[in-house]
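Biologist: I would like to learn how to read a protein–DNA contact surface. Could you take me through one?

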Protein chains: 2
Amino acid sequence: MRLVIAKCQVDYSGRLSAHLPMATRLILVKADGSVSVHADDRAYKPLNWMSPPCTLLIEPGTGAEAGGDVWRVVNKAGEELRITLAEVHTDVSHELGPDPGLVKDGVEAHLQELLALHVQTLGEGWTLVRREFPTAIGPVDLMCRDAAGASVAVEIKRRGEIDGVEQLTRYLELLNRDPLLGPVSGVFAAQEIKPQARTLAADRGIRCVQLDYDDLRGIEDPRLKLF
Amino acid sequence: MRLVIAKCQVDYSGRLSAHLPMATRLILVKADGSVSVHADDRAYKPLNWMSPPCTLLIEPGTGAEAGGDVWRVVNKAGEELRITLAEVHTDVSHELGPDPGLVKDGVEAHLQELLALHVQTLGEGWTLVRREFPTAIGPVDLMCRDAAGASVAVEIKRRGEIDGVEQLTRYLELLNRDPLLGPVSGVFAAQEIKPQARTLAADRGIRCVQLDYDDLRGIEDPRLKLF
DNA sequence: TGATATATCTCGAGT
DNA sequence: ACTCGAGGTATATCA
């Protein structure tokens, strides 16, 4: 990893064109060859960048002025990030080695696990038929039966948006062509459901259920509640 | 901007939980108080971060060992990024000042502007009714009339994918419920149209038009072409 | 402030 | 190589 703080001008041409006028910024060159340019705000997003795989070519500046070099970062798609250096304030390098990587908890897969364990939160007397119930166009998150024994397809999202409703609609359309399954209704379950998604679901006769991750995780054996 | 290269362990708890085992990484502290942790790969995305507005509290390590400090970065929502330092290899600071900011060209908004100015590229004798034509589920990018006076809804994307076709389909379904507008047909216009999107559009009777940004920008007053 | 749409989205998994 | 889905998406715009 090489860290350069320098006055620079940056031009990107590729999927779009973007231009950064001359100013002092941080330039990050990583071991995989990628380059990013950061201002002194926003944690997440660089002002400009080139993702790996890409190649950095340094063209020495003409004459004696400090900086002056032009860095050209190019990738296979023909995109180019061109950095023109004017004054270099800092230039340090350090070998970091590979990173052991990130461990996450609380993503959609966990919601599915938890809800599979507690389908009764969707309705009294409901039972789980199976997780990842296969269809021709992909697996339904949960297939359940309600207290009356009717089939219910459940689509789970962390954030429920319109796309998720469309997805469940496609499943339901397909599943309802199978007379053996009988009529299949739908439940759209998410930690957060956008108004648009709610509206579309209502229009399609799909029930929306808001999930609480901590509640689901905290559900105790109901027998314990007798005491 | 403060740049620290250090062996560190990182834990995030907030919208989910995430953990990074002890390893050498770059820690970026920006002037707005935001903090990000980078490995030696991937230009764009930090391993972990806290977006502004947030507060950095440094708790001195116990005893004499180098590093040892614990950094706690918290925001108003109660999310916390906790960085435990073990060995500090580099620690430099530099004042960057505000950035003049990025100038972009070629995004969807520009395509919409240009196409609104040149609806005749969609068909001889076409006219623009209005941009951002409102419907109950959101605005249609362009509403036009063809040479025969029939309504046409135009959805514009930089990259045309299946979602865009679904979106236009929803608009068309809604618009065609309004007998005053008469039958409304659809045009899906994009710089690049994925085969899947093209197929779905054909299935729905939606015409696909591939846009060329440079062509659109370069269209001159037709009268000039007489000379 | 909340909702909505865009993004050089990025990134990973699966085909 | 391409597609699809998820993301602590982030970010800007608009009500």
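Biologist: How far does a backbone N or O atom of Trp49(B) lie from a base nitrogen of DNA strand D?

Modeller: The model is predicted, so local features need pLDDT of at least 70 and side-chain atom pairs count only at pLDDT 80 or more, while totals for chains, interfaces and linings use all residues. Residues are numbered from 1 along each chain as its sequence is written, chains are lettered from A and ligands numbered from 1 in the order written, and side-chain values use heavy atoms, without hydrogens and water. A polar contact is a pair of N or O atoms within 3.5 Å; within protein, one must be able to donate a hydrogen and the other to accept it, and residues adjacent in sequence count only if both atoms are side-chain atoms. For Trp49(B), the distance is 2.3 Å.

Biologist: Which elements give two or more residues to the surface near DNA strand D?

Modeller: Helices (H or I, at least four residues) and strands (E, at least two) are DSSP runs, numbered from the N terminus. Here they are strand 11 (151–160) of chain A, plus strand 4 (48–50) and helix 3 of chain B.

Biologist: Which side chains have a polar atom by a base nitrogen of DNA strand D?

Modeller: Among them are Tyr12(B), at 3.3 Å, and Arg15(B), at 3.1 Å.

Biologist: Which residues come nearest to DNA strand D?

Modeller: A residue is near if one of its heavy atoms lies within 4 Å. Of 19 such residues, Arg158(A), Arg159(A), Asn48(B), Trp49(B) and Gln196(B) come nearest.
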